[in-house]
Amino acid sequence: MRIREWQDILEDVTERDVDPEEWRAVAGDRAAGVGEDMYLAHPGAGVFFLKTYAKNPFEVHGVGTRVARNLDDEIGAFLPEEDTGGRFAVQSPPEDEEQAKTVSKRLETILETHADAPTRPQDLFDDVMEAVESPAFGPMEYDQYDRPDELEDLSERFEEADELLNAELEDLIETDEVDRGFM
């Protein structure tokens with residue numbers, strides 16, 4: 001298991017050549033200490049585990065790793081299904097001005113279409129993510145004040161990774177001289 005900066009893990013996620021709509025996520029507070037835990041999973045890309053904390057309102061630090069090469073049915077049972085209420089996306093900025101113009105034109109069309117037709121919020125979200133060419137998006141189970149049961153179950157399943165990432169994150173927090181999270 002290779003522990004790396006959390007942004008490097010997200011870069012791995014965005015560079016995967018997989019269907020962006022098949023990603024699923026679970027996130028919430030860390031079991032002990034400041035910060036949050038997050039699992040990102042895709043049937044063709046595997047399972048990624050991130051631990052982060054906000055050093056201040058503008059700066060997030062963290063670590064992560066890939067904990068499984070495949071998303072099997074057992075692990076998948078801990079992740080939300082397509083019709084859950086929460087959604088997440090990983091996004092990269094436009095590469096240049098021309099791409100930004102193209103994306104904004106697509107967004108304008110999507111919003112006009114959804115304004116004229118009765119659609120579900122999930123449908124709008126999915127269409128917007130496709131318009132901005134998000135490399136990863138989908139349903140998410142998230143609790144900003146606690147830990148979803150699924151997060152607890154995944155942490156138990158990947159106990160060794162949880163312990164190693166906790167130690168690495170605690171070192172970052174100590175180095176940054178942050179003894180509590182920013183809220």
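By the rule that a salt bridge is a side-chain nitrogen of Lys or Arg within 4 Å of a carboxyl oxygen of Asp or Glu, the count in this structure comes to 13 salt bridges. The model is a predicted one, in which local features need pLDDT of at least 70 and side-chain atom pairs count only at pLDDT 80 or more, while totals for chains, interfaces and linings use all residues. Residues are numbered from 1 along each chain as its sequence is written, and side-chain values use heavy atoms, with hydrogens and water left out.

The chain has 6 helices and 7 strands, where helices (H or I, at least four residues) and strands (E, at least two) are DSSP runs numbered from the N terminus. The radius of gyration of the chain, taken over C-alpha atoms, is 17 Å, close to the 16 Å that the globule rule (2.2 Å times the number of residues to the power 0.38) gives for 183 residues, so the chain is as compact as a globular protein of that length. Buried residues, those under 20% relative accessible area, as against exposed over 50% and partly exposed in between (1.4 Å probe, protein chains only), make up 40% of the 183 residues.

Among the salt bridges, Arg147 pairs with Asp37, the closest N and O atoms being 3.0 Å apart. This pair links distant parts of the chain, since Arg147 lies in the loop between β7 (136–143) and α5 and Asp37 in strand β3 (residues 36–42), 110 residues apart. Arg147 counts as buried at 11% relative accessibility, and Asp37 is buried at 1%. The side chains of Arg106 and Glu133 also meet in a salt bridge (3.1 Å, N to O); Arg106 lies in helix α3 (residues 97–116) and Glu133 in the loop between α4 (121–131) and β7, so the pair ties together parts that are 27 residues apart in sequence. Salt bridges that share partners join Asp37, Lys51, Arg147, Glu152 and Asp162 into one network.

On the surface, Asp146, Asp149, Asp153, Glu156, Glu159, Glu160 and Glu163 gather in a patch of negative charge. Patches are made of residues with over 30% relative accessible area and no salt bridge, like charges being joined within 9 Å and nonpolar side chains (Val, Leu, Ile, Met, Phe, Trp, Tyr) within 5 Å. Helices α5 (149–157) and α6 (159–175) each supply at least two residues of the negative patch. Glu163 has its place in helix α6, and at 49% relative accessibility Glu163 counts as partly exposed.

Note on methods:
Areas by Shrake-Rupley, 256 points an atom, 1.4 Å probe, with all protein chains shown as cover. Lys, Arg positive; Asp, Glu negative; His and termini not counted. Charge placed at Lys NZ, Arg CZ, Asp CG, Glu CD.
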